[in-house]
Amino acid sequence: MERMLNDYLNKIDKHLRPMAASERSDIVREIRSQMLDMEHSGASPAQIVGRLGDPRELARAYLGQSISQARGFSWRGLGAVLAFYSLAGIGGMLVLPVTGICGIAFLISGILCPIAGIVKLGVYLTTGYDIAQIGFTLGSFTASPVAFFPIALVIGVVMLLLGRLCWTLTVSLVKLLGRGRRLLDAE
């Protein structure tokens, strides 16, 4: 096997250190087998490494799979979690939770805002009473119940769009984090 491929396998092994030695050797053996299959199919070492992607991402995918299949607490499992998040980096530890939470919050707000506009307008039209707790104020301007309804619709649409954007970003990040494993499985 070519030196480039052996270096790649060594990097994978290094990034999988938090796992048990037997698991780590099984994974390296599996990747080596995939490499040999690709090599016999005529792929060059550079093409093989290109198909497998960054060794850190591939190791992260295996660590994530190991964590999700683990049962109960173990110190080795804790090490795998820490390694997974260190490999996942800021995207996995900070950006992903923020985009997920913001996506859900914006989607819920996008639904509730027009409902608030309907409620305020309905109460005003039927009773003449203005619900002061529901409204829109910008500087010295305060929207009347009739003017608040279209404002609530616009704000609701903007919130829904922001929620969809955040949720799409969340899904894209999750797919990116698992890309290495899928690339290997596709071979």
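Q: Before anything else, what counts as a salt bridge here?
A: A salt bridge is a side-chain nitrogen of Lys or Arg within 4 Å of a carboxyl oxygen of Asp or Glu. By that definition the structure holds four salt bridges.

Q: What kind of model is this, and how are residues numbered?
A: This is a predicted model, in which local features need pLDDT of at least 70, side-chain atom pairs count only at pLDDT 80 or more, and totals for chains, interfaces and linings use all residues. Residues are numbered from 1 along each chain as its sequence is written, and side-chain values use heavy atoms, with hydrogens and water left out.

Q: Where do D26 and R29 lie?
A: Both are in helix α2, three residues apart, about one turn of the helix. Helices here are DSSP runs of H or I with at least four residues, strands are runs of E with at least two, and both are numbered from the N terminus.

Q: Which residues are linked in a network?
A: D13, R17 and R24 are linked in a network of salt bridges.

Q: And K120, what does its side chain meet?
A: The side chain of K120 meets that of D130 in a salt bridge, 2.8 Å from N to O. This pair links distant parts of the chain, with K120 in helix α5 and D130 in the loop between α5 and β1 (137-138), 10 residues apart.

Q: Is K120 buried or exposed?
A: K120 is buried, with a relative accessible area of 2%. D130 counts as partly exposed at 34%. Buried means under 20% relative accessible area, exposed over 50%, and partly exposed in between (1.4 Å probe, protein chains only).

Q: How much of the chain is buried?
A: Buried residues make up 32% of the 187 residues.

Q: Which residues have the most contacts inside the largest nonpolar core?
A: They are I12, L16, I31, M35, I48, L52 and L58, in a core of 18 residues. Each of α1 (3-15), α2 (21-40), α3 (45-52) and α4 (55-69) supplies at least two residues of this core, and α2 gives the most, with five. A nonpolar core is a set of buried Ala, Val, Leu, Ile, Met, Phe, Trp, Tyr and Cys residues joined through side-chain atoms within 4.5 Å.

Q: What does I12 touch, neighbours within four places in sequence aside?
A: I12 is in contact (heavy atoms within 4.5 Å) with V28, I31, P55, L58 and A59.

Q: Where is G53?
A: G53 lies in the loop between α3 and α4. G53 is buried at 15% relative accessible area. From Y8 it is 45 residues away in sequence and 10.0 Å away in space, C-alpha to C-alpha.

Q: Which residues make the nonpolar surface patch?
A: I104, I108, I111, L112, I115, V119, L160, W167 and V171 make a patch of about 760 Å². Areas come from the Shrake-Rupley method with a 1.4 Å probe, and for residues only the protein chains shown count as cover. Patch residues have over 30% relative accessible area and no salt bridge; like charges are joined within 9 Å, nonpolar side chains (Val, Leu, Ile, Met, Phe, Trp, Tyr) within 5 Å.

Q: Which helix supplies the largest share of the patch?
A: That is α5, with six residues.
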